[in-house]
Amino acid sequence: MAYLTGHLRRAGFDDIHFIDAMTNDLTDDQLQEQLVALKPDVVGVTSITPNIYAAERVLEIARDRIPQALRVLGGVHATFMYPQVLTEAPWVDVIVRSEGEEILVNLMQAVRDGRWPANRRKIRGLAFRDGGEIVATPAAPTVKDIDSIEPDWSILEWDKYIYIPLNRRVAIPNMARGCPFTCSFCSQWKFWRDYRVRDPKKVVDEIERLVNDHGVGFFILADEEPTINKKKFVEF
Ligand code: B12
Ligand code: SF4
């Protein structure tokens, strides 16, 4: 969410709110209260396989309580399983497939400029229902300039993210995306497609900001295999 928020802000979208219903263990009633109070134009939810029904439920609540808001789903489960998700949860308006930053900006610009839903078939990396048909637009390119992605970590309520064994705030920055290997059981090389590594200095700067601005004391790299590019990892 921090990476998506950072990219949206750079594109000029600044009214962004994050509700972490999982961490805060919100009931449906509490969640709908917050959604109604915010009156968003767009609601975006993430999904991994174990939480897909909870993710679908959030958007069902949005349909019932804030029906004017566009309902967007992203993440690894929705990316690979979009025909099933759009069938079992027809209230999901659109799925963003794969790496989300650039696709989400394109989608939000279309919404802002009144090109949604008329132009939705022209935006790459989406899946949606059109009448009885499930449509997947062509895959979007991956983010080629990976250093252009600057997360906005201020969106998180930091006192909630504690690595319990050390009682320290925990963050999960991303140095590399993807993997050059293609193990048959693994979804990740297919999800991120190109293997790309950020400038190690930028990652360290990001970690410094997390320590100084948000009091973070423990990190997990979101990379699949951080040491594949040995030179950059040593530099890091
Ligand atoms: C760090 C990590 C963890 C950490 C932190 C998890 C957390 N909640 O933050 C820990 C160790 C706690 C963890 C736990 C688990 N994890 Co984990 N984890 C990861 C890892 C390595 C990195 C996650 C990350 O930050 N990625 C970087 C961000 C930028 O990527 P992203 O979240 O996918 O978001 C991008 C896109 O998906 C998309 N997107 C995502 N959401 C949305 C929403 C909208 C609206 C839009 C438009 C776009 C969008 O845009 C984003 C930017 O490009 C991933 C693998 C990976 N490299 O992604 C596995 C991964 C997500 N985990 C996985 C699993 C299975 C789990 C567990 C269920 C394991 C278990 N059995 O307990 C738990 C579930 C915990 C939970 N409830 O969240 C699987 C999920 C597979 C699946 N089929 O869904 C993954 C993909 C690894 C794998 N291949 O097996 N995990
Ligand atoms: S991330 Fe790991 S399991 Fe997946 S393809 Fe790469 S090396 Fe194989």
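The model is predicted. The protein chain is split into domain 1 (2-136) and domain 2 (157-235), and the largest nonpolar core, with 37 residues, takes at least three residues from each of these domains.

**Domains and their contact**
- The C-alpha centres of domain 1 and domain 2 are 24 Å apart.
- Contact between the domains involves eight residues of domain 1 and five residues of domain 2.
- On the side of domain 1 that touches domain 2, helix α4 (residues 76-80) provides the largest share, three residues.
- By class, that side of domain 1 consists of three nonpolar, three polar and two charged residues.

**Largest nonpolar core**
- Among the 37 residues of this core, those touching the most other members are Leu59, Leu73, Val85, Ile95 and Leu126.
- The most residues, six, are given by α3.
- Leaving aside residues up to four places away in sequence, Val85 touches Ile52, Leu73, Ala78, Val92 and Ile95.
- In soluble globular proteins, nonpolar side chains tend to be buried together.

- Around ligand 2 are Cys179, Phe181, Thr182, Cys183, Cys186, Gln188, Trp189, Glu224 and Glu225.
- This shell comprises five nonpolar, two polar and two charged residues.

Methods: Residues numbered from 1 in each chain as written. Chains lettered and ligands numbered in written order. Predicted model: local features only at pLDDT ≥ 70, side-chain atom pairs only at ≥ 80, totals over all residues. Near = placed C-beta within 6 Å. Nonpolar A, V, L, I, M, F, W, Y, C, P; charged D, E, K, R; others polar. Domains from an automatic or database assignment. Contact = placed C-beta atoms within 7 Å. Helix = DSSP H or I, 4+ residues; strand = E, 2+ residues; numbered from the N terminus. Core = buried A, V, L, I, M, F, W, Y, C linked by C-beta atoms within 7 Å. Buried ≥ 20, exposed ≤ 12 C-beta atoms within 10 Å, placed from the backbone.
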